[in-house]
Amino acid sequence: MPSVAGAEAFAHEGTTGVGVLLSHGFTGSPVSMRPWADRMVEEGHSVRLPLLPGHGTHWREMNGTAWPQWYGALESALGELRASCDAVFVFGLSMGGTLALRLAQRHPDIAGLVLVNPSVMSTRKELRVVGPLSRVLASVAAIGDDIAKPGVSEHAYPRTPLRALASLAKLWVAVRGDLPEVTQPLLLLRSAVDHVVEPENSAIVLAEVSSADVTEVVLANSYHVATLDHDAPVIFDRSAEFVRRVRAERAGDEG
């Protein structure tokens, strides 16, 4: 059971035939995504918002997990939505965006992607040695609550678990190498100021995916956890419009 308040997984059955799978980020939890999920419920869609393994409890527990487990939880939730929905969209924040890209690479029937500040690399020099360092050091200080809006917290871990971070770095390599396999419509929203994920990440994704339908939105008033920040309504509105448009276009093609 999660020990972080509000970190529980969330599921809802909708009526529109659309499914939306949402993924939170590294050391985070559904706390950062729940308002977005609630908006999709208001749209009438079926929703899955899993708590990824090792998250929502204590950072030490996360060090016992790796990216295939995080990905597996999302793939399982995707299977649930695919079984009951005509079209499934995947939304992701930060590492959740990385995992969403991996799902798109492996499941081309996904209808579309909405990514907020996704990560596929880092320019930080210390990450070059995170593998060896993780064998002698369990954690380092975290960069949490990168939110411009006062008084808001994502309740992420206060420490960064290094073995888990080393696994994330391996996920970056895999996802970045396969970016040309992403062909789905893509809406990418990035913060103009982000103290966690460098802007090069979004530039790489936009340049290397094979999607013909790509939209970039710059969020001028939010930091990294933009889903809880000043621009959250922009994210929610633009993603709702994106789902409606892409689904209508798919219906037209099928008709």
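A residue is called partly exposed when its relative accessible area lies between the limits for buried, under 20%, and exposed, over 50%. The views below show a predicted model.

View 1. Asp38 has a relative accessible area of 30%, so Asp38 is partly exposed. Arg34 is also partly exposed, with 34% relative accessibility.

**View 2. A salt bridge connects Arg82 with Asp109**. Here the closest N and O atoms are 3.0 Å apart. Arg82 is partly exposed, at a relative accessible area of 37%. Asp109 counts as partly exposed too, with a relative accessibility of 40%.

**View 3. A salt bridge between two loops involves Arg124 and Glu198**. The N to O distance between the two side chains is 3.8 Å. Arg124 is found in the loop between S5 and helix H5 (130-134). Glu198 is in the loop between strand S8 (186-191) and helix H7 (200-208). The two residues are 74 residues apart, and the pair links distant parts of the chain. Glu198 has a relative accessibility of 12% and therefore counts as buried, whereas Arg124, at 27%, counts as partly exposed.

**View 4. A network of salt bridges links Arg39, Glu43, Asp237 and Arg244**. The structure as a whole holds 15 salt bridges.

**View 5. Helix H3 packs against helix H6**. Helix H3 spans residues 67-84, and helix H6 spans residues 162-177. The angle between them is about 70°, and their axes are 8 Å apart. Angles of 65 to 115 degrees count as roughly perpendicular, and H3 and H6 are therefore roughly perpendicular to each other. On the H3 side, the contact is made by Trp67, Pro68 and Trp70. On the H6 side, Ala164, Ser167, Leu168, Lys170 and Leu171 take part. Sorted by class, the residues in this contact are six nonpolar, one polar and one charged.

Definitions and conventions: Residues are numbered from 1 along each chain as its sequence is written. This is a predicted model: local features need pLDDT of at least 70, side-chain atom pairs count only at pLDDT 80 or more; totals for chains, interfaces and linings use all residues. Side-chain values use heavy atoms; hydrogens and water are left out. Axes are lines fitted to C-alpha atoms, for helices over the stretch in contact, and angles run from 0 to 180 degrees between N-to-C directions. Helices (H or I, at least four residues) and strands (E, at least two) are DSSP runs, numbered from the N terminus. Angles under 35 degrees count as roughly parallel, over 145 as roughly antiparallel, 65 to 115 as roughly perpendicular and the rest as oblique. Contact means heavy atoms within 4.5 Å. Ala, Val, Leu, Ile, Met, Phe, Trp, Tyr, Cys and Pro count as nonpolar, Asp, Glu, Lys and Arg as charged, and the others, Gly among them, as polar. A salt bridge is a side-chain nitrogen of Lys or Arg within 4 Å of a carboxyl oxygen of Asp or Glu. Buried means under 20% relative accessible area, exposed over 50%, partly exposed in between (1.4 Å probe, protein chains only).
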